[in-house]
Amino acid sequence: MAVSASASLSKAVKQQYMELPQGEKVQAMYIWIDGTGEGLRCKTRTLDSEPKSIEDLPEWNFDGSSTYQAEGSNSDMYLIPAAMFRDPFRKDPNKLVLCEVLKYNRKPAESNLRITCKKVMDMVADQHPWFGMEQEYTILATDGHPFGWPLNGFPGPQGPYYCGVGADKAYGRDIVEAHYRACLYAGVNICGTNAEVMPAQWEFQVGPCEGIDMGDHLWVARFILHRVCEDFGVVASFDPKPITGNWNGAGCHTNVSTKEMREEGGLNFPFLQNAIEKLGKRHRYHIRAYDPKGGLDNARRLTGHHETSSIHEFSAGVANRGASIRIPRSVGQEKKGYFEDRRPSANCDPYGVTEALIRTCLLSEEGDEPTDY
């Protein structure tokens, strides 16, 4: 199996240096979303002391012409710290810093969906929207071949791998365990993980997170996964259909609720029916918001097969994993809780997904374009 050359470097030798004292200085790794809307970039700077809040972190800049975000003739872009986490790789007191990106004129970069998401979340803050996102991904070798799959063939058909146990069913659990613990250390609100239907495919869940925190925590969880895979010499893919044929794709099912929905009787039938009707009328708008290519990536996944709905049709049902919107059976019985939008692709931008849900369900927007507030 093809693994990266850096994976063969001695981690024990590296550890000798990582254990050296760093005095009062702190390493802050600034992280941002590049021009593809799905790739992540990072670089590190030294701070004179440990930052206690976002306000303690300085703005920074980078060359946007090398990240698909600017032309070489005017390439400076600004990094604006937005969320801070503990660094599970360098450990305390070092930090991971998730940033927004602004262009040379201080306007948001095209890939900076956080700015409008936060504005929309602030408008409905009194309703306390909670989200939980189920991030599926596939572990690949550096040559793009699924981790653990035969080099000249396929593993056995789907069936024994979902939540599977054993070397012939769970491919790459070391990566999953390392990622889980690193997220807990960092302060990411990761709440679970499991092996998925296709071998070498896994899922982790983040939430419940309120408002803008959902996007912040999921992006940092993705960054940590990429870094863990880097150490193991493999690749984490968020492609929504990494293997063609009779294999499940990868999504990012999104669960949503408000304070009212979580209270006794809060999810009564008329309320739920109204939310579903709103979502159904804006199906095309949501499909465009649910992957970085405006629906083209999801078209390979949302076929109506392999536990998905058709990209061309909107549907809803209780405990129906072939529907656009799934109402969990327990929620249907208790008349409170949340519903699940199963349409977002694995490589979606969580800021775009959660913003779209709030615009449609709570701000009652209509039509195929978002309202400009």
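## The annotated region

An unreviewed UniProt entry lists residues 24-106 as "domain: GS beta-grasp"; UniProt positions follow the numbering used here, feature names are shortened, and annotations may be inferred rather than shown by experiment. Over residues 24-106 the chain is 0% helix and 47% strand, with 32 Å between the end C-alpha atoms. Helices (H or I, at least four residues) and strands (E, at least two) are DSSP runs, numbered from the N terminus.

The model is predicted: local features need pLDDT of at least 70, side-chain atom pairs count only at pLDDT 80 or more, and totals for chains, interfaces and linings use all residues. Residues are numbered from 1 along each chain as its sequence is written, and side-chain values use heavy atoms, leaving out hydrogens and water.

Five strands form an open sheet in the order 2-1-5-4-3, with mixed pairing; two strands pair if DSSP finds at least two bridges between them. Strand 2 (40-47) and strand 3 (60-63) each have a single partner strand, so one side of each lacks a neighbour in the sheet. From one strand to the next, the twist averages 40°.

Strand 1 (residues 26-33) and strand 5 (residues 95-102) run parallel and are joined by four bridges. Leu98 in strand 5 is the bridge partner of Ile31.

## Glu355

Glu355 is part of helix 10 (residues 350-361). Its relative accessibility is 8%, so Glu355 counts as buried (under 20% relative accessible area; exposed is over 50%, partly exposed in between; 1.4 Å probe, protein chains only).

Leaving aside residues up to four places away in sequence, Glu355 touches Leu113, Thr116, Cys117, Val120 and Met121, where contact means heavy atoms within 4.5 Å.

Methods
Axes fitted to C-alpha atoms, helices over the stretch in contact; angles between N-to-C directions.
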